[in-house]
Amino acid sequence: MLKKSLLIGLAAGFAMVTGALAADPIKIVYIGKNTGNPYFDSITGGFEDACEKLGCEFEFVAPATAEATSQIPFIEAQIQRGVNVIGIAPNSPDALNQVLDAAKAKGILVLTVNGDLVGNESHRDATILPVDFTKTGPNQIELTGSLIGYEGEIAILSATTEAPDQNTWIAAMNETLKNDPKYAKMTLVATVYGDDQPEKSTTEMEALLANYPNLKAVIAPTTVGIAAAAQVVQSRGIADKVAVTGLGLPSEMRDFIKDGTVKAFQLWSPYNEGWLAVHFALGLLDGSIKNEVGNTFEVENLGTIKIEEKNAMNTQAELTTFDINNIDDFNF
Amino acid sequence: MSASEMPSAPSSQDAAPPRPTWQVVLVRPETMTFLLLIAGVFAGSQLSPFFLDVAYILRSFTLYSEFAIVALVLTMVIIAGEIDLSPAANMALSACIFAWMQQAGVPIPLAIGIGLLSGLAMGALNAIFVIGLQLPSIIVTIGTLTLYRGLAQVIAGDKSIRVPEWFIGIDKVMIGGIPLPVVAFILLAIVLGFVLSGTIFGRQIYQIGTNEVAARHAGIRTARIKTGLFLGIGLVAAIAGIVTASRLGSVRYDLGLGGELQMVLMAMLGGTYIFGGRGTILGTFLAAWLLVIVSTGMIVANVLPAVQLVVLGVLLIVSIVATNFIYSRTQR
Amino acid sequence: MTDPTNKAEPLLSARGISKSFAGVEVLRDVDLDLMPGEIHALLGENGAGKSTFAKIVAGVHRPTRGTLRLNAETVDIPSPLAAQRLGITLIHQEPISFPDLSVAENLVLGRGSGSPLSRVPWAEIIGDARRLIDLLGVRIDVTRPMRGLSIADQQMVEIARALASDSRLIIMDEPTAPLTPKEVETLFGIARRLRDEGRTIIFISHRLEEVRALCDRVTIFRDGSKIATEDIGNLTDADIIRLMIGRPLKEYMHRGKSHIGEVALKVEALSLPGYFENISFEVRKGEIVGLGGLVGAGRTDVARALFGVAPAASGIVWVNGKVVHITDPSQAIREGLAFVPEDRAVAGIFRTLSVEQNITAAVPRQIAPSGIIRRTIEKAMAHDSVRRLRIRLASLRQPIGELSGGNQQKAILARWLLTDPSVLILDEPTRGIDIGVKAEFYDMIGELAAAGRAILLISSELPELLALCDRVLVMSEGHLTADIPRADATQERIMSAAVPQFREAAA
Amino acid sequence: MNFLRTLLVRREAGIAVMIVLFCLAVGAVKPQFLSLDQLRIILLLTPLIMIAAMGQMMVIVARHVDLSIGSTLGFSAMVSGMLYRFDVDWFGFDVPWWTGIPVSVVVGALLGFGNGVLIQLFRLPAIIVTLGTLSLYRGLTFIISNAKQIDRQWIPSEIKGLSQTSPFTFPEFLPIVGKFNIPWIVILAFGIAILAYLFLMHTRMGRQIYAIGSNPVAAPLRGINVTQVNLAVFTISGALAGLAGIMYASRWGFVNPSNTGNGFEFQVIAAVVIGGVSINGGVGTVLGTVLGVLLLGCVAAALPLLGIPGTSQAAIYGAVILLALLIDRTVRRQGIVSLKRVRP
């Protein structure tokens, strides 16, 4: 018994020694909101490909559920594992502050990828966002306008009432509608929240149709919302009367595009977020990039990236629009 | 009148011989918990070289310390023949009320007081339904669990409420190198362990759980003691909620979501008998460490969270089967 | 009546039936033949083995050894279902029913076979049920749920069920306890009719007069063995009692008169609607007052009300001259009351806890003056109790569930003596206790009274009341119907006050 | 007073009245609530809950509870989803569109059977066992799916069509009902309810479920095979959760390892308890359960129409469960009192 445990101890010791001897590659981990979220498959793909190309170790972990605190033990564990870079899509803008500070104190580079710690930016080193979020609202309004001839009642089906990104966009949409004479004949009649649950999103959508019989378009700037809204329109066979658009995943929306339920919707490339995150992180670590606002650097496939206010950077300037012509070109 | 004058009773009436002492001491569920704990430490050290680090394990325990603290009181509730599935939701609602109050300008001590009072009130509502109206606690607390978390959501929506900087970081306060919440857990375990085994209050909890009708007939104020337990767990849950708020620095309605499963698991793994009357604080104390060791070991080894769910479910079922088996063997 | 033993073949013959529970033999080598068309009584003290034997025949228990032959074929009866299929039905002491199901369903449940998905023929079931109930000459709506039926009606449904399953052997386990004499008469009429149809009935009862009125033969059990099987006509009551207890009745010692002092417990106009009405009596120090009556007459409810388990709605209670309003047992204990409840397992013992804990359960202040348990005090108190009451055990730390019934009951009594009560309420204290320990109890009760305690003794055993009590109160249907001084107390007087019809005639 | 009592006792009538009053009240504020269109919305909100509620009802009537149905739903939906997704990789051909229906039902039945075995074999309380399998089955869903969602392109359009197309439509020229169609999924749910009714009221085993719930101790004495019945009850509950799983895929067009069926058990238990099924076993009707489901559906449909934020929905469910418990308690107490009168 004693002999056996001694052997195991020795073996473990050897493993550590050999591990230390090999040139330590940079270890990057990305912590998603929760497992089973198809959105993160695509981001992870970007991380993996970039790491393979640039030579670093990558792992994706995520808690089973997306409540505010569920990521904390995972961050603790990564600190303990001694990774070099933590990328995270935070489940809470502030509940992670303490543990992220602990990570930074250990010299770990903390990047928020696809979602930021709004109001708590000091607790991470930089953030990588897919697009310039100030342009999302106007982009969406323009797309909607083009679908309904810039005239008629529209409504918004959002995620949760407090979702920071969505609220930024909705505010921008309101501004655009109010200020741009091009959209003077479009009126926003309601903003409702489906809490990113299919059931709730569906009942909210049904309620919109019941409350506003003259509705021309629904903007759902959330992947769950747009799918639910499209499904309602599809089952009621009113695609020609009510246009559904917003932000969606091509993989989830392909069918709706093909059967004409949805004419067009928008998104960015989640893949590129992962791709950019790895390039940026490795650049910082080897000193080729300085993490200062206003600096720029080149990334393969993405061109010149500029570090904006609050150390934020975007993979692309404006949203990509998906419709029947290009939907099959995207596999995420 | 002496016994020898009476016709001697047949052999069937004689008392059965008691079990040998070694059996009484060793054949008990706590032994199983302890062995599992050792096995867990060993398995964890085999899974990941980063696991065996006292500071890390203590830090990880801190993340579960609020649940563990409540689980100690829950153990007493279960021994008394009841169960409470609502404390995790209670934690969320108390913390939300506290955070909401302090945000509205109520001084922190007063806000804490109100938070604790609301925890007591939630315990009282459970007590009214279970003791006053004689409804089964398991169904009642499933109802109140939904209600309390729902109310937390009504109060806080899904935004997080910040607490002031100085209030943050109770888990960073170290006493002899041990985080304060862990110290609190250990102290509470010692106190409650003594209360349960050494005081008349504890004695009567066992008696109520063994046979409530008999307890009432023996003049034990069953309603008062059980009400006390529900109030106690309500209060302790509120304390745990506010400790969590200090650890996280912010409060959201989903604080401690799913914590009821962890708490029940700690009590069950520690050999608390689901039908009441049996169990010890020592068992729950060991089980809390076991659970943290198992979870942490898997997280630091980057085991899929799915596997963790499976392991938790299996552990729960195995622990009840084993506990029931041990008790049925030792009970004639 | 022809002698049934002359008929050729027994319906059921048992040979060498033995049964052990956890290594303890409760039934030893019982041989018994039951003839078709006879009503056969099983008699014996509690725990003598008669119910165990009946349950083996009904498939509830399986014998450890021995064989059963039904119509000369060896049979194995592994379950009540198997028994039913063989035409054996057990009618339980307390009818087991499914309160949420209709009477008709209760009648047919478990009858016949068929795939689980086979159709329930409702029309047929309801028709059959009506027919059966009519046959018994009672009025019950068979489509209403069982919940809410009186015990007697439930029993009728049970009997109807036995008829429905066309049973050849019907076992009635103390069926008459909750019934009124009129209902008993109906039941007997039915039983006789069934016998005349050629069925066999096993009748378990403690009431000799009923056995005598109904049964053809009796078998007497004692300490797990069959003592005798005889035609009822060949035995006198004294014979039967001698066979049952193994010695003459007079060994139940008649205690000497103790000094009767001032009033310790006085009750006036105590009422709890639906349970008892207008109960008034008093018990003096040193006095043993019996409380007799049929099961369900409200005696236990009065005791529970006095002790605060289920408080009365109105009425006044004095304890030692002071008016008290007791709403909780803890309060009752403070006022000097003690209550040994009827059902030990349900309301008395903490099965898995130690004997020590069980004994000291009612005196928390004494073993833990500051809230913290003082083990030495506790141990000394428990030890002293064990010695005084001669509780037989291996260790004070032993779970009380490991003790015999009599010793468990002694421990409960010990618990109450530690509270030093001035009024002791004993509800069926000797039920389920073997005869040796019973006599010990009688002595103890006498001693307690002699020491100046007031004792209210609830008992269904008339000899017990007659032997021990200074006065016997009798309850019937929630009312106090008699207060009989010792000198005038006879079994007949007590029974006539206990049975509703007689009371009305007497009034 | 007498009327109130009848209401409480005849729970079905009570719920029906509650539904009508609720709808009228909402209709007074929002007239569009009282339309055939809304009826269709409500009906479409309920089928998953109704299917699973039939199983849960049997479990509760037998004096148990099944907390694992949400995870069972998720797992069986995932198995079918993966079958559609990977059929070519696994078998080299496309499986017919209907394959998922029997597969999900069988998978659900197996999981339910697993619950039953644990509960019956080890004599464990169902609530704790199913709390364990709630976690266990959810974890297995993640593992088999490798935590990947099955997107709508993989779900056959016939399956999705079940919740959109109707087997029959009213003639167009009819006023009002002309455009009213009842999708397959709703008909299926009511069909299951009718089957459940026939099973519970008109088969031997159905009645035995009531008997066990009414008096679990006496049931074996009456020759009822309690093991068999309990296993059957949990298996049926699992099978119906499985059917609800494939219907989830139909209704929402995707299967997600984490969302699908998450928290479903609370909705179902709420509906069943509201429907008058007693948590003390032995009492409950299919009609009551159907009405309970519909009442929940009405509430769920009315909230967004009234502009009540979705965040208060959980609190309302919780309050409704507690309210149902109170009503249950009131009814039960009357029963106990009347029983005590004849049997002190």
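Colleague: Among contacts in chain A between residues at least 6 apart in sequence, what share joins residues at least 24 apart?

Modeller: This is a predicted model. Chain A has 10 helices and 14 strands. Take its contacts between residues at least 6 apart in sequence; the share that joins residues at least 24 apart is 71%.

Colleague: What percentage of the residues of chain A counts as buried?

Modeller: The C-alpha atoms of chain A fill a box of roughly 80 × 50 × 35 Å along the principal axes. Chain A has 332 residues. To count as buried, a residue needs 20 or more other C-beta atoms within 10 Å of its own. The share of chain A that does is 55%.

Colleague: Over which residues of chain A does pLDDT stay under 50?

Modeller: Chain A averages a pLDDT of 87. In chain A, 93% of the residues score at least 70. One stretch stays under 50, and the model has three contacts for it beyond four places in sequence. That stretch is residues 1–22.

Colleague: How many residues of domain 1 of chain A are in contact with domain 2 of chain A?

Modeller: The domain assignment gives domain 1 as 17–130 + 270–316 and domain 2 as 133–267. Their C-alpha centres lie 31 Å apart. The side of domain 1 that touches domain 2 has five nonpolar, one polar and no charged residues. On domain 2, six residues take part; on domain 1, the number is six.

Colleague: Which element gives the most to the side of chain A that touches chain D?

Modeller: The contact takes 25 residues from chain A and 25 residues from chain D. On chain A, helix H2 (38–54), strand E7 (186–193), helix H7 (198–211), helix H8 (223–236) and helix H9 (250–258) each supply at least two residues. With eight residues, the element that gives the most is H7(A).

Colleague: How do the residues on that side of chain A divide into nonpolar, polar and charged?

Modeller: Take the side of chain A that touches chain D. Gly counts among the polar residues here. The division is seven nonpolar, 10 polar and eight charged.

Colleague: Within what arc do the buried residues of H6(C) fall?

Modeller: Helix H6 of chain C, residues 181–196, reaches 22 Å from its first C-alpha to its last. Leu187(C), Ile190(C), Ala191(C) and Arg195(C) are buried in H6(C). Seen down the axis, these buried residues line one face of the helix, because they fall within an arc of 140 degrees.

Note on methods: Residues are numbered from 1 along each chain as its sequence is written. Chains are lettered from A and ligands numbered from 1 in the order in which they are written. This is a predicted model: local features need pLDDT of at least 70, side-chain atom pairs count only at pLDDT 80 or more; totals for chains, interfaces and linings use all residues. Two residues are in contact if their C-beta atoms, placed from the backbone, lie within 7 Å. Helices (H or I, at least four residues) and strands (E, at least two) are DSSP runs, numbered from the N terminus. pLDDT is the predictor's confidence in each residue, from 0 to 100. The expected span of a helix is 1.5 Å times one less than its number of residues. A residue is buried if 20 or more other C-beta atoms lie within 10 Å of its own, exposed if 12 or fewer, and partly exposed in between; C-beta atoms are placed from the backbone. The arc is that of the directions from the helix axis to the C-beta atoms. Domain bounds come from an automatic or database domain assignment.
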